[in-house]
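Look at the model below and keep the sequence beside it. The paragraphs that follow go through its surface, its salt bridges and a sheet.

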Amino acid sequence: MSAANAPMSPQRRRFLTDTARMGAGCAVAGAGLAWLATDSRALPAEALRPPGALPEEDFLAACIRCGLCVRDCPYDTLSLAELGSDGPATGTPYFTAREVPCEMCDDIPCVAACPTGALDPDLRNIDDARMGTAVLVDQENCLNFLGLRCDVCYRVCPVIDEAITLEMSHNDRSGHHAVFAPTVHADHCTGCGVCEKSCVLPEAAIKVLPVRLARGSSAEHYRKGWEEQDNHGAPLVDGLIDLPDRLPGPGTDNLAAPGGFEPAFTVPGAGQ
Amino acid sequence: MKAKTALPVGYEAIQDKGWWLAHRFLILRRLSQAFFLLLFLLGPWFGIWWVEGTLAGSRTFGVLPLTDPFVLLQGMVAGHWPEMTALMGAVIVLAVYALIGGRVYCSWVCPINPVTDAAHWLHERLGLQKGWQPKRHTRLWLMGAVLVVSALTGVVAWEIVNPITMLHRGLVFGIGFAWALVLMVFLFDLFVSRRGWCGHLCPVGAFYGLLGTGSLLRVSASRRAACDDCMDCFAVCPENHVIAPALRGQGAATPLILSPDCTNCGRCIDVCSVDVFSFTHRFDSHIEAPKPPRPEPVANKPAAGPIPEG
């Protein structure tokens, strides 16, 4: 008897119906769950992960939300995200720099506590942590940028003179003072947030942002000519000729004054 | 319907055995649930840090790691191979529950169990209809779906909604709006589906059920011959389909409740006035010979000759 004219067995029919129902039900439930799971990747920008946290997409696969890192943090910096109030990645650890920053313990107890490696156990030196990057977000209100010597963010930085330096420039407003601009060097900034915590303004002018928000990135294929030339020890292309760049006005002829500025006038009695 | 069936559940058991024997596993189970919760709360409440962490992962006395194997499994399919501590913790949990029955977790440890039990109590109290009853194996399908979603999204998927760890973590660390999720489970069990969450849907229970498939600790209906069909065990059992094969088995059919769905809660032992059920191990399949029915009018009859066996 061919399959076509065999009567459909009721068991088989029931099995197929049940399976289809279950499959469809699970697809619906699973799609809802997947939607929530995808949503859970969106952390609020002020929520920073503990030191050594894997990149966010790996972190959410690795963190079992047990809270042991929170327990072992001696400064009560970390807390677990609560449902509905701290973003959707419920139960995952984070800290808010403005409230309690990371004190950068030498023995990194939170990383030692993590049972799964969501906080990378290869992080041995806390200075290598990259919890975020400090960004001076508001130059208009930063006291140092106004020409005052607040310097607090610079002074409190645990990696002072490397992660934050004060860059001196002319104070155009007063005309005879300097501006000491706090300047973050992302290569050294651990993102601990002490600067943000200590900023004296009612709303911090320097903030630690997750690296994904704080930083741009250079294109893979970019080569910086000056670096290449240094590595090579000589110009990369021989026999380059320097053509004149002629712009309107005097004193812009690079051939007449190579690399320099030719004054448009000569002060009487000064030099030749 | 027998007259006995119409009596309140557990009525004869209390009459015959006394209140304590008719409730001891229920009381012990509640104590156990409170005990495991309190262990985790000792730290945050009283500063006694014997146990730190949550049910998803914990550390006892600073050395013993325990990890929820289902959470860890989701992490693994999501693409993260965990460190040794978490693996060891999961192996310990796996070994213990494989031995004593995976769903012992459900009935003796899980903090959602008192919630759904309360919902069921109120459900019975209000005399509500059983409502939507999806098949028992729906939870297995859901478990599969959870693993698939974890693999596809790279997130430990069930932990985003898991009311068990939400509630537990909420009590230990701060609850946020997780109580709303617990309330949803309560209302679901109360109005939408009798025994719906733990009995039909929860994928964690499904996982632990599979884990306990070959467990050593079992309930046996070894004195099934004494059963007087009062149906109280069926009324109290949260997974009452597991009883019939053992209790109604004929001849040499095993009296052991071997279904992995059985949570080893022991409530059937409590409510049985004739002590049909008892805890035993899975290799103990002895069946007690039927005894003459309880002395009702048998009073003055002297036994004539040896009691026939069989």
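**Surface, salt bridges and a sheet**

B:Trp50 counts as partly exposed, at 43% relative accessibility. Here buried means under 20% relative accessible area, exposed means over 50%, and partly exposed is in between (1.4 Å probe, protein chains only). This is a predicted model, in which local features need pLDDT of at least 70, side-chain atom pairs count only at pLDDT 80 or more, and totals for chains, interfaces and linings use all residues. Residues are numbered from 1 along each chain as its sequence is written, chains are lettered from A and ligands numbered from 1 in the order in which they are written, and side-chain values use heavy atoms, with hydrogens and water left out.

B:Trp50 is found in the loop between α3 and β1 (51-54) of chain B. Helices (H or I, at least four residues) and strands (E, at least two) are DSSP runs, numbered from the N terminus. B:Trp50 belongs to a nonpolar surface patch of about 1000 Å², whose members include B:Leu38, B:Trp45, B:Phe46 and B:Ile92. Patches are made of residues with over 30% relative accessible area and no salt bridge; like charges are joined within 9 Å, and nonpolar side chains (Val, Leu, Ile, Met, Phe, Trp, Tyr) within 5 Å. Accessible areas come from the Shrake-Rupley method with a 1.4 Å probe, and for residues only the protein chains shown count as cover. The largest share of the nonpolar patch, three residues, comes from α3(B).

Chain A has a negative surface patch, formed by A:Asp106, A:Asp107, A:Asp127, A:Asp128, A:Asp161 and A:Glu162. Asp and Glu count as negative and Lys and Arg as positive, while His and the chain ends are not counted. The place of a charge is taken as NZ of Lys, CZ of Arg, CG of Asp or CD of Glu. A:Asp127 sits in the loop between α4 (109-113) and β4 (133-136) of chain A, and A:Asp127 is partly exposed, with a relative accessible area of 37%.

Next come the salt bridges. Side chains of opposite charge can pair when their charged atoms come close. A salt bridge is a side-chain nitrogen of Lys or Arg within 4 Å of a carboxyl oxygen of Asp or Glu. The structure holds 19 salt bridges over all chains. Which residue does B:Arg59 meet in a salt bridge? The partner is A:Asp72, at 2.9 Å from N to O. This pair crosses between chains, from strand β2 (residues 57-60) of chain B to helix α3 (residues 68-72) of chain A. B:Arg59 counts as buried at 15% relative accessibility, and A:Asp72 counts as partly exposed at 23%.

B:Asp117 forms a salt bridge with B:Arg29, with the closest N and O atoms 3.2 Å apart. B:Asp117 is in helix α7 (residues 112-125) and B:Arg29 in helix α3 (residues 24-46) of chain B, 88 residues apart. B:Asp117 is buried at 16% relative accessibility, and B:Arg29 is buried at 5%. The side chain of B:Asp117 also meets that of B:Arg195 in a salt bridge (3.6 Å, N to O). B:Arg195 lies in the loop between α10 (178-192) and α11 (196-201) of chain B, so this pair ties together parts that are 78 residues apart in sequence.

Two strands pair if DSSP finds at least two bridges between them. A:Ala47 has A:Thr96 in β3(A) as its bridge partner.
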